[in-house]
Amino acid sequence: MAVAASVQRAMEEIAPAWMRSTGHRLSITYGSSGNFVRQIQQGLPVELFLSADEAFAFKLADAGLTRDRGVIYANGRLALLLAKESEIALDPQLQGLKVGWASVRKFAIANPELAPYGKAAREVLQSVGLWEAAQSKLVLGENIAQATQFVATGSAQAGLTALSLLIGNESAGLGRHIALPDSLHAPLRQRMVLLNQAGPAATALYEYLQSAPAKAILRRHGFGVE
């Protein structure tokens with residue numbers, strides 16, 4: 001299965017328990033949704049695709065590569081992540097970031113052309129009037145996990161990342177973070193689809209990810225789940 005990087009921490013909790021209870025084995029690759037779509041179209045043998053937004057799942061469906069148009073499994077949330085040494089004030093409207101912008105040498109986001117969270121990050125920066133100022137400071141991760149690492153390792157002083165990669169991970173020393181309101185960007189409707197070649201195990205996991213236990217795990221990791 002191909003899984004958007006934003007879901008990695010949640011899937012690392014879901015997958016082992018599911019494999020123990022069913023006896024099935026999973027092979028999971030994490031990355032950017034845009035790259036996965038291109039690779040699947042080129043023949044990557046994937047049975048289940050968890051996208052970070054609807055558009056990439058629909059792209060595969062429209063190409064006739066999936067059983068149907070899939071289902072939304074979660075709604076994503078963005079967060080501002082600051083490096084450990086940063087003195088910028090945290091607030092959900094990013095006023096502290098604007099005040100302390102001069103202290104930011106590099107600002108990390110995922111590549112907006114490949115990663116839905118990168119596209120949403122661009123929308124956030126546009127919403128608060130920082131997109132133009134950010135151009136000379138941006139460092140782009142291939143996916144949202146790489147963008148997070150840029151801040152965690154000090155390669156960037158701040159960045160916008162997936163809340164799901166930060167919740168419960170405070171002890172890892174990634175830095176300080178705050179969740180951002182959905183009003184700053186278009187909804188991150190994360191959709192999953194079964195590919196035409198999906199077997200019984202992939203189908204079973206697809207159904208499990210819609211169950212109450214799986215939704216509870218996703219919710220714990222910061223996703224909005226209906």
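Predicted model: local features only at pLDDT ≥ 70, side-chain atom pairs only at ≥ 80, totals over all residues.
## Helix 3 and its surroundings

Let's start with helix 3, which spans residues 54-62. Its buried residues are Glu 54, Phe 56, Ala 57, Phe 58, Leu 60 and Ala 61. These residues pack against helix 2 (33-41) and helix 5 (116-127), and also against strand 3 (48-50), strand 4 (71-75) and strand 10 (189-194).

Both ends of the helix deserve a look. After the helix comes Gly 64, which has a positive phi near 75 degrees.

## Salt bridges

The whole structure holds 5 salt bridges. One of them joins the side chains of Glu 54 and Arg 191, at 2.6 Å from N to O. Glu 54 belongs to helix 3 and Arg 191 to strand 10, so this pair ties together parts that are 137 residues apart in sequence. Glu 54 counts as buried because its relative accessibility is 18%, and Arg 191 is buried too, at 11%.

Another salt bridge links Arg 220 with Glu 13, whose closest N and O atoms are 2.2 Å apart. Here Arg 220 sits in helix 9 and Glu 13 in helix 1 (residues 8-22), so the pair connects parts 207 residues apart in sequence. Arg 220 is partly exposed at 48% relative accessibility, and Glu 13 is partly exposed at 31%. Arg 122 and Glu 113 also form a salt bridge, at 3.4 Å from N to O. In that pair, Arg 122 is partly exposed with a relative accessible area of 21%, whereas Glu 113 is exposed at 57%.

## Two loop residues

Most residues other than glycine have a negative phi. Leu 94, though not a glycine, has a positive phi of about 65 degrees. Its place is the loop between strand 5 (78-82) and helix 4 (95-99), and Leu 94 is buried, with 0% relative accessibility.

Ser 211 lies in the loop between helix 8 (200-208) and helix 9 (212-220). A polar atom of the Ser 211 side chain is 2.6 Å from the backbone oxygen of Tyr 208. At 19% relative accessibility, Ser 211 counts as buried, because the cut-off is under 20%.

## Cavities

Among the residues lining the largest cavity are Ala 4, Ser 32, Pro 116, Tyr 117 and Asn 143.

Note on methods. Residues numbered from 1 in each chain as written. Heavy atoms only, no water. Buried < 20%, exposed > 50% of the residue type's maximum accessible area, 1.4 Å probe, protein only. Helix = DSSP H or I, 4+ residues; strand = E, 2+ residues; numbered from the N terminus. Contact = heavy atoms within 4.5 Å. 1 Å grid on protein atoms, 1.4 Å probe; cavity = no way out; pocket = protein on both sides within 12 Å on 5 of 7 lines; lining within 4 Å. Polar contact = N/O pair within 3.5 Å; in protein donor to acceptor, adjacent residues only side chain to side chain. Salt bridge = Lys/Arg side-chain N within 4 Å of Asp/Glu carboxyl O.
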